Amino acid sequence: LARPAGVPLLGVNLGHVGFLAEAEVENLSDAVDSVVRGRYDVEERMTVEVTARLNGQLLADTWALNEATVEKRERMLEVVAEIDGRPLSRWGCDGVICATPTGSTAYAFSAGGPVVWPEVEAMLLVPISAHALFARPLVVSPRSTLALEVQPATAGAVLWCDGRRRFDLPAGARVEVRRADLPVRLARLHGIEDTGAPFTDRLVAKFDLPVQGWRGRTRA
C-alpha cells in the first residue's frame, strides 16, 4: 500500500532480526514522538518487478522488495539461469534466489549470499543447494535482467515474492526479474538509541558481531 503512494514506512521490530525496523516495541512512543517532530530522514530501497510466462501466457506480474525465489515443488528443480539474454548455467537445485540489497540480509544471506550495503544498487543471483561445480552467488548490474527457465523434466516449481506472494510454475515456465521503477521508502529516525545508525552498526548489532579490540581511526 505504501509503495505506490510513496509514503515512508516505519518498521517496528516484533521479535525477528529486523534489519528494516527502526524501533523496538519498548521505545515505540519515542519513535512516534520523533516522527511527529519531523526528526527522521527518508531512505529509498530498490525493488524488482517479476513476471512469469509459459509459451507467451502471463502467469504472474508482481514485485518484490527482498527477493523473488523459484523453488522446487517436489523433486529437485532443474533450471537454466540467464543474464541479459545470455545463458549462464543449468543447475539441479532446491531453488534460485533473485535478491535486492535489502534482501541480501534475508533469504539470500541464509543461502550463502553476500551482504550488500543498501547504498549499492545491484541484484543478487543465489542458487540454493545446487549440484554443480559453479554455483556461487553472483552480484550483477541493477540494469541487468535475470531470467530463470524451469526445465521440462522438472515437476513444476513455485515462485515466491518476499515469501508472501506465491505462484505455481508449470514445467517450461520462464521467470524474469528486473529493477522496478518504484522504490520502497523507509523512515530513518534521529536520536533513538540503536536507530538511525550506519548500516555497519546495524550489522554488528543484529548479528552480535565481535568488535572487541577495535581502536578506531588515530587522531592527528
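This is a predicted model: local features need pLDDT of at least 70, side-chain atom pairs count only at pLDDT 80 or more; totals for chains, interfaces and linings use all residues.
Where is the place of V36? Its place is in helix α2.

View 1. Local features need pLDDT of at least 70, side-chain atom pairs count only at pLDDT 80 or more, and totals for chains, interfaces and linings use all residues. Residues are numbered from 1 along each chain as its sequence is written, and side-chain values use heavy atoms, with hydrogens and water left out. Helices (H or I, at least four residues) and strands (E, at least two) are DSSP runs, numbered from the N terminus. The C-alpha trace spans about 60 × 45 × 30 Å along its principal axes. Of the 220 residues, 43% are buried. Buried means under 20% relative accessible area, exposed over 50%, and partly exposed in between (1.4 Å probe, protein chains only). A contact means heavy atoms within 4.5 Å. Among contacts between residues at least 6 apart in sequence, 67% join residues at least 24 apart.

**View 2. The largest nonpolar core holds 30 residues.** Such a core is a set of buried Ala, Val, Leu, Ile, Met, Phe, Trp, Tyr and Cys residues joined through side-chain atoms within 4.5 Å. V70, L125, L159, L169 and V177 have the most contacts inside it. Strand β7 (residues 77-83) gives the most to this core: four residues. A second, separate core has seven residues, including A108, V116, L124 and V126. L169 touches, among others, A52, L59, V70, R73 and V150, not counting residues up to four places away in sequence.

**View 3. Strand β10 (residues 123-128) is largely enclosed by the rest of the structure, because six of its six residues are buried.** In a regular strand the side chains alternate between the two faces of the sheet. In β10, M123, L125 and P127 are buried on one side. L124, V126 and I128 are buried on the other. Strands pair if DSSP finds at least two bridges between them. Five bridges join β10 to strand β9 (residues 95-99), and the two run antiparallel. Here A99 has L124 as its bridge partner. Three bridges join β10 to strand β11 (residues 138-140), also antiparallel. There M123 has V140 as its bridge partner.

**View 4. C98 lies in strand β9.** C98 is buried, with a relative accessible area of 2%. Its contacts include N66, E67, A68, L124, L125 and V177, not counting residues up to four places away in sequence. C98 and A21 are 77 residues apart in sequence and 22 Å apart in space, C-alpha to C-alpha.

**View 5. T69 has its place in strand β6 (residues 67-72).** Is T69 buried or exposed? T69 is buried, with a relative accessible area of 1%. T69 touches V96, I97, Y107, I128, V158, L159 and W160, not counting residues up to four places away in sequence.

**View 6. V12, L14, V25, L28, V32 and V36 form a nonpolar patch on the surface.** Like charges are joined within 9 Å, nonpolar side chains (Val, Leu, Ile, Met, Phe, Trp, Tyr) within 5 Å. Together the six have about 540 Å² of accessible area, found by the Shrake-Rupley method with a 1.4 Å probe; for residues, only the protein chains shown count as cover. Helix α2 (residues 28-36) gives the largest share, three residues. V36 is exposed, with a relative accessible area of 67%.

Conventions: Patches are made of residues with over 30% relative accessible area and no salt bridge: like charges are joined within 9 Å, nonpolar side chains (Val, Leu, Ile, Met, Phe, Trp, Tyr) within 5 Å. A salt bridge is a side-chain nitrogen of Lys or Arg within 4 Å of a carboxyl oxygen of Asp or Glu.
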